[in-house]
Amino acid sequence: MFKDLWKRRAELVEKNLLIELKKTSILDEKIFEAMEYSLMSGGKRLRPVLLMAAADSVGGDGEKFLSVASAIEMIHTYSLIHDDLPAMDNDDYRRGKLTNHKVFGEATAILAGDALLTLAFEVMTRQKNVEPKILLEVVKEMSIAAGVSGMVGGQMIDLESEGKKINLDTLKKMHLGKTGALFKAAIKSGAILAGADEKKLSALTNYAENFGLAFQITDDILDVIGDEKNLGKPVGSDEKNHKSTYVTLTSLDEAEKLAEKSVDDAVDSLKNFGDEANFLRELVKFLIDRKS
């Protein structure tokens, strides 16, 4: 049931991403190809699915918010394109395929990322049957998550931390921005779109922060013990880039315990929710058992 719903909604997002992309007037065919290459390269579509699930958890219908859900996947894809660049993580593969800059060149990859980020906000404005005031609140959440208070700020800490031993507080701060901010924006946005009250929005925000932490710790673990075929990218990249991770700053065993605690805390955040939040409960538990 849980995985079936995830699969169905991921497929809905997959179809809508291409529809939204083709609605856009693009001046040059090469930039369209580069955008499409990364946007349609598969992936779990986790962030849009989270947005829908958050809307469900407060009594809404997440599938009504497909435009906003698609937009957050565009923001995520932009971040992956830029993360893979030689000036950042310098990765050759993403989701089992050559990274964008390896196929289209570095300059085109940068522009494709820029284009997807800006297109995301255009796509948000295409969302129907949402009051402008509510939609504006969601746009604000996404802007904060994508900017210097979120992904960009987290990436900057990441770059400045390369080759240095940082403490756990700095690592957590980095990942709350780089990885966690967009998870939080997805969950909060879904709740806001569905009319969540302050109490439920606060609980879901707490869930989102623990979800992001569990996701990142598991990512660090998989970079050490994961299978390259399942991950779709080389393992050991953190060590190669001399990055501090939850594994290197504690131990593999301690990192696994931290991940489990984050999952427990996330589930506990939903104690006042009914069965409509079961997908969120199952999803965060699935995180620490995932292979990719």
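Colleague: What makes the length of helix α7 agree with expectation?

Modeller: Keep in mind that this is a predicted model. Helix α7 covers residues 132–146, which is 15 residues, and at 1.5 Å a residue these should span 21 Å. Its end C-alpha atoms are 21 Å apart, so the two values agree.

Colleague: How do you know that the buried residues of α7 are on the same side?

Modeller: The buried residues in α7 are Leu135, Val138, Glu141, Met142, Ala145 and Ala146. They cover an arc of only 125° around the axis, and therefore they sit on the same side of α7. On the other side, Pro132, Lys133, Leu136 and Lys140 are exposed.

Colleague: What covers the buried residues of α7?

Modeller: The cover includes α3 (46–57), α4 (66–83), α6 (106–124), α8 (151–161) and α9 (168–193). Leu283, leaving aside neighbours within four places in sequence, is in contact with Phe2, Trp6, Leu46, Leu50, Tyr207 and Phe211.

Colleague: Let us turn to α14. What can you say about its length and its buried residues?

Modeller: Helix α14 (residues 252–269) has 18 residues and reaches 26 Å from its first C-alpha to its last, close to the 26 Å expected at 1.5 Å a residue. Ala255, Ala259, Ser262, Val263, Ala266 and Ser269 are buried in α14. Their arc is only 120° around the axis, so they lie on the same side of α14. Lys261 and Asp264 are exposed on the other side, while the buried residues pack against α10, α13 (246–249) and α15.

Colleague: Why is His101 called buried?

Modeller: The cut-off is under 20% relative accessible area. His101 has 9% relative accessibility, so His101 counts as buried. This residue is found in helix α5 (residues 100–104). Not counting residues up to four places away in sequence, His101 touches Asp84, Leu85, Pro86, Asp91, Glu106 and Ala109.

Colleague: Now the rings. How many aromatic pairs does a search of the whole structure find?

Modeller: The search finds eight aromatic pairs. In one of them, Phe2 and Phe279 are 5.1 Å centre to centre with 50° between the planes. Planes under 30 degrees apart count as stacked and those over 60 as edge-to-face, so 50° makes this pair tilted. The pair links distant parts of the chain, with Phe2 in helix α1 (residues 2–22) and Phe279 in helix α15 (residues 278–287), 277 residues apart.

Colleague: And why is the pair of Phe183 and Phe211 called edge-to-face?

Modeller: Their ring centres are 5.1 Å apart and their planes are at 75°.

Colleague: What makes you say that the charged end of Lys97 sits over the ring of Tyr37?

Modeller: The charged end of Lys97 is 4.2 Å from the centre of the Tyr37 ring, and the distance limit is 6 Å. Lys200 likewise has its charged end over the ring of Phe273, 5.3 Å from the centre.

Notes:
Residues are numbered from 1 along each chain as its sequence is written. This is a predicted model: local features need pLDDT of at least 70, side-chain atom pairs count only at pLDDT 80 or more; totals for chains, interfaces and linings use all residues. Side-chain values use heavy atoms; hydrogens and water are left out. Contact means heavy atoms within 4.5 Å. Helices (H or I, at least four residues) and strands (E, at least two) are DSSP runs, numbered from the N terminus. The expected span of a helix is 1.5 Å times one less than its number of residues. Buried means under 20% relative accessible area, exposed over 50%, partly exposed in between (1.4 Å probe, protein chains only). The arc is that of the directions from the helix axis to the C-beta atoms. Rings of Phe, Tyr and Trp (its six-membered ring) pair if their centres lie within 6.5 Å; planes under 30 degrees apart count as stacked, over 60 as edge-to-face and the rest as tilted. A charge sits over a ring if NZ of Lys or CZ of Arg is within 6 Å of the ring centre and within 35 degrees of the ring normal.
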